[in-house]
Amino acid sequence: MDGDGDGDVDYRPTFYQIYKKKTSEGFQSIPYVVSLFSAMLWIYYALLKKDAMLLITINTFCVFIQTFYIVTYFYYGPKKEKVVTVKLILLFNVFGFGVVFLSTFFLKNPKIRLCVLGYICMAFALSVFVAPLGIVRKVIKTKSVEYMPFSLSLFLSLGAVMWFFYGLMLKDMNIAVPNVLGFIFGVLQMILYAIYKNYPKKMVEDPKLQLPKHIVDVVKPGTTVQVSSEVNVVAPNNPNDNDNNNNGGVVGAENIKGNSTDASNNV
């Protein structure tokens with residue numbers, strides 16, 4: 001867990017599925033990128049705050065874990081997802097963190113610097129909890145909890161509770177407040193898991209796999225059967241009609257279209 005209560009949540013079931021399937025299709029990289037960014041901010045905040053060794057220790061561990069997750073996701077991800085992941089890393093972890101660092105580090109008043117950085121950390125801590133809403137939406141839409149392991153939601157809720165009380169003990173609302181939202185989202189995910197865990201999967205029909213419809217006109221034996229796809233089939237001759245057709249009921253391809261009109265009149 002990092003200082004915002006999310007951080008090193010148990011993502012092992014997710015990455016076990018990615019490793020087993022050899023693809024990250026169905027999962028998103030943004031929760032891990034945002035979580036890494038949040039951990040970097042909390043380390044910076046803890047260094048300025050001082051006497052916050054727990055924040056430094058936990059978030060340093062979180063940085064290594066999230067980096068491992070992102071590398072794994074990047075390795076098994078399709079080309080399109082790799083491009084999106086690189087853009088997210090450049091946006092949050094390079095450009096975003098650089099802007100925050102440069103805009104706060106050179107402030108002369110240490111208290112103002114810590115206060116501004118605390119609000120920034122709190123804002124992005126909230127975004128870490130909002131990030132999994134994409135998975136929540138997918139669960140509701142597909143009625144499947146395949147991409148939302150129960151352990152993830154459980155540890156999210158427990159971590160939020162612990163970090164909330166830790167923030168209260170330090171009298172630091174920047175740590176305590178975001179975890180209220182984290183607890184709410186964690187409970188919401190567990191409720192959705194309980195609702196959809198045994199929900200039958202729906203088979204989605206692919207319109208491309210549907211066979212074309214043919215209208216077949218069934219006529220008397222010895223006549224031509226007309227199919228809407230312009231395929232003409234010749235039925236076996238009636239034994240009594242040998243005088244009319246001496247070639248054993250086989251009509252030459254060049255005469256099929258001409259016989260179709262006669263067959264329709266005979267019906």
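The legends below describe close-up views of aromatic pairs and helix packing in a predicted model. Residues are numbered from 1 along each chain as its sequence is written, and side-chain values use heavy atoms, with hydrogens and water left out. Local features need pLDDT of at least 70 and side-chain atom pairs count only at pLDDT 80 or more, while totals for chains, interfaces and linings use all residues.

View A. Rings of Phe, Tyr and Trp (its six-membered ring) pair if their centres lie within 6.5 Å; planes under 30 degrees apart count as stacked, over 60 as edge-to-face and the rest as tilted. By this rule the count comes to 15 aromatic pairs. Phe 101 and Phe 105 are stacked, because their ring centres are 5.0 Å apart and their planes stand at 20°. The two residues are four apart in helix H4 (residues 79-105), a separation of about one helical turn. Helices here are DSSP runs (H or I, at least four residues), numbered from the N terminus. Phe 101, at 30% relative accessibility, is partly exposed, and so is Phe 105, at 38%; buried means under 20% relative accessible area, exposed over 50%, and partly exposed in between (1.4 Å probe, protein chains only). Phe 101 and Phe 105 also belong to one aromatic cluster with Tyr 44, Phe 97 and Phe 106.

**View B. Phe 150 and Tyr 193 between helices H7 and H8.** The ring centres of Phe 150 and Tyr 193 are 5.2 Å apart with planes at 50°, so the pair is tilted. Phe 150 lies in H7 (residues 150-170) and Tyr 193 in H8 (residues 173-196), so the pair ties together parts 43 residues apart in sequence. Phe 150 is partly exposed at 35% relative accessibility, as is Tyr 193 at 24%.

**View C. Packing of H7 and H8.** The axes of H7 and H8 are 7 Å apart, at an angle of about 160°. Axes are lines fitted to C-alpha atoms, for helices over the stretch in contact, and angles run from 0 to 180 degrees between N-to-C directions. H7 is therefore roughly antiparallel to H8, a term for angles over 145 degrees. The contact of H7 with H8 comprises 18 nonpolar, eight polar and no charged residues; Ala, Val, Leu, Ile, Met, Phe, Trp, Tyr, Cys and Pro count as nonpolar, Asp, Glu, Lys and Arg as charged, and the others, Gly among them, as polar.

**View D. Packing of H3 and H4.** The axes of H3 (residues 53-76) and H4 come within 8 Å and cross at roughly 150°. H3 and H4 are therefore roughly antiparallel to each other.

Key:
Angles under 35 degrees count as roughly parallel, over 145 as roughly antiparallel, 65 to 115 as roughly perpendicular and the rest as oblique.
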